[in-house]
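Subject: Structure handover

Hi,

Here is the structure I promised to pass on. My notes follow below it.

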Amino acid sequence: MFSFSVLASGSSGNAVLVWADDVRLLIDAGISARRLDRSLQQHGVNPDQLTAVVVTHEHRDHVHGLRVFARRHAVPIWATGGTWTELGDLSTEVGSERCFTLTAGKVVYFGGVAAEPVAVSHDAREPVMFCFHHGGKKLVLATDLGFVGDRLRGAIADADAYILESNHDVGMLRAGTYPWHLKRRILGDKGHLSNEAAGETLAEVIGNRTTRVVLAHLSEENNAPEVAKTAVRAILMQEGLGHLPIEVAPRHESTPLYAVG
C-alpha cells in the first residue's frame with residue numbers, strides 16, 4: 001500500500017500523511033498538535049508510531065503545531081539546515097538525537113520509501129518540496145513555489161500522483177484587500193503559484209502513469225475551490241488531459257486516503 005492524505009491545506013495550516021506499508025510520514029505540522037493527533041487517528045495512525053515528521057520550511061502555516069507535537073510524541077524530525085536555524089531552540093528542546101538534517105538533492109530512505117528533497121523558490125531560509133518513491137510509484141508534494149523552472153519540472157515529471165499548489169486567482173488577488181507589498185510577494189518568484197501556473201505546470205509534467213491530481217494551499221481570500229479546479233481543468237483539457245480526476249484539498253478537514261498509482 002502506498003497512499004496519502006492531505007490533513008490540512010492553506011494559509012491557516014498545512015499537513016500531509018504519506019503511508020507506505022509500515023512507513024508513516026507526517027509532512028509539515030502547520031495545525032495544532034491536538035488536530036494533528038485527531039486527523040492521524042481518523043486514518044488509523046497512532047501518532048507515537050510515526051516513522052518521522054518531515055518539515056518543508058519554517059513558515060507558521062507549516063510548523064504551527066510542531067513544537068507541541070514533538071513534545072508529545074518522541075518521533076524523529078527532519079528538516080534542512082536553514083529550516084533548523086529558523087526553528088531556533090527546537091532541537092535543544094526535543095533532544096538533538098531526534099533531529100536530522102535534510103539536504104536538497106540527497107535522497108533519504110525511510111524503510112522502503114525514498115524521500116527526495118528538491119530545492120524550491122520561496123521566501124524561506126532553505127525550503128524544499130518532495131518526491132516520494134515506493135514500489136515503483138512516485139508521489140509529488142509541491143507547494144509554496146514562486147515559480148517552476150526547468151530543474152523542478154524535470155524532478156516532478158511523470159509522477160503517479162500530484163499534490164500541487166494552486167494558491168490564487170490572479171484577478172482576485174489584484175482586486176482584493178491585501179496590501180500591495182503582500183500582493184507583490186505572492187505574485188513574485190519567491191511567492192506562490194497561481195491557478196494558471198499550476199495548470200501550465202501540470203500540463204508539462206503529467207505522464208502516462210499519472211492518475212490523480214490534488215490542488216492544495218488555496219488562498220481563502222484570493223481563490224475558491226471551483227475557481228481553481230475550473231482554471232486548471234481548462235488548461236489540461238487543451239492538452240488532451242481532461243480525463244484526469246482533479247481534487248481540491250479542504251482547508252479544515254482531511255482528504256480520504258488516496259492510493260498512489
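Is the crossing of helix 9 and helix 10 right-handed or left-handed? It is right-handed. Bear in mind that this is a predicted model.

**The helix 9 and helix 10 pair**

The two axes come within 8 Å of each other and cross at roughly 35°. On the helix 9 side, the contact is made by Asn-195, Glu-196, Ala-198, Gly-199, Glu-200, Leu-202 and Ala-203. Helix 10 contributes Val-227, Ala-228, Ala-231, Val-232, Ile-235 and Leu-236.

**Helix 10**

Helix 10 covers residues 225-238, which is 14 residues. At 1.5 Å a residue it should span 20 Å.

What covers the buried residues? Just after helix 10, Gly-240 adopts a positive phi of about 75°.

**Helix 9**

In helix 9, the buried residues are Asn-195, Ala-198, Gly-199, Thr-201, Leu-202 and Val-205. Their arc around the axis is only 165°, which puts them on the same side of helix 9. They pack against helix 6 (150-156), strand 11, strand 12 and helix 10.

**His-168**

His-168 lies in the loop between strand 11 (161-165) and helix 7 (170-175). Is this residue buried or exposed? Its relative accessible area is 2%, so His-168 is buried. Its side chain makes a polar contact of 3.0 Å with the side chain of Asn-167. Leaving out residues up to four places away in sequence, His-168 touches Leu-173, Ile-186, Leu-187, His-192, Leu-193, Ser-194, Asn-195, Asn-222 and Asn-223. One of these, Asn-195, is also among the buried residues of helix 9.

**Phe-147**

Phe-147 is in the loop between strand 10 (137-142) and helix 6. It has a relative accessible area of 41%, so it counts as partly exposed. Which residues does Phe-147 touch, not counting those up to four places away in sequence? They are Ser-121, Leu-152, Asp-189 and Leu-193. Leu-193 is also touched by His-168. Phe-147 and Leu-187 are 40 residues apart in sequence, yet 9.4 Å apart in space, C-alpha to C-alpha.

**Arg-67**

Arg-67 belongs to helix 3 (residues 66-72). Its relative accessibility is 29%, so it is partly exposed. Beyond four places in sequence, Arg-67 touches Leu-87, Asp-89, Leu-90 and Glu-93. Between Arg-67 and Ser-91 there are 24 residues in sequence and 9.7 Å in space, C-alpha to C-alpha.

Best wishes

Terms used:
Residues numbered from 1 in each chain as written. Predicted model: local features only at pLDDT ≥ 70, side-chain atom pairs only at ≥ 80, totals over all residues. Heavy atoms only, no water. Helix = DSSP H or I, 4+ residues; strand = E, 2+ residues; numbered from the N terminus. Buried < 20%, exposed > 50% of the residue type's maximum accessible area, 1.4 Å probe, protein only. Polar contact = N/O pair within 3.5 Å; in protein donor to acceptor, adjacent residues only side chain to side chain. Contact = heavy atoms within 4.5 Å. Expected span 1.5 Å × (residues − 1). Axes fitted to C-alpha atoms, helices over the stretch in contact; angles between N-to-C directions. Left-handed = near helix turned anticlockwise from the far one by under 90°. Arc of directions from axis to C-beta.
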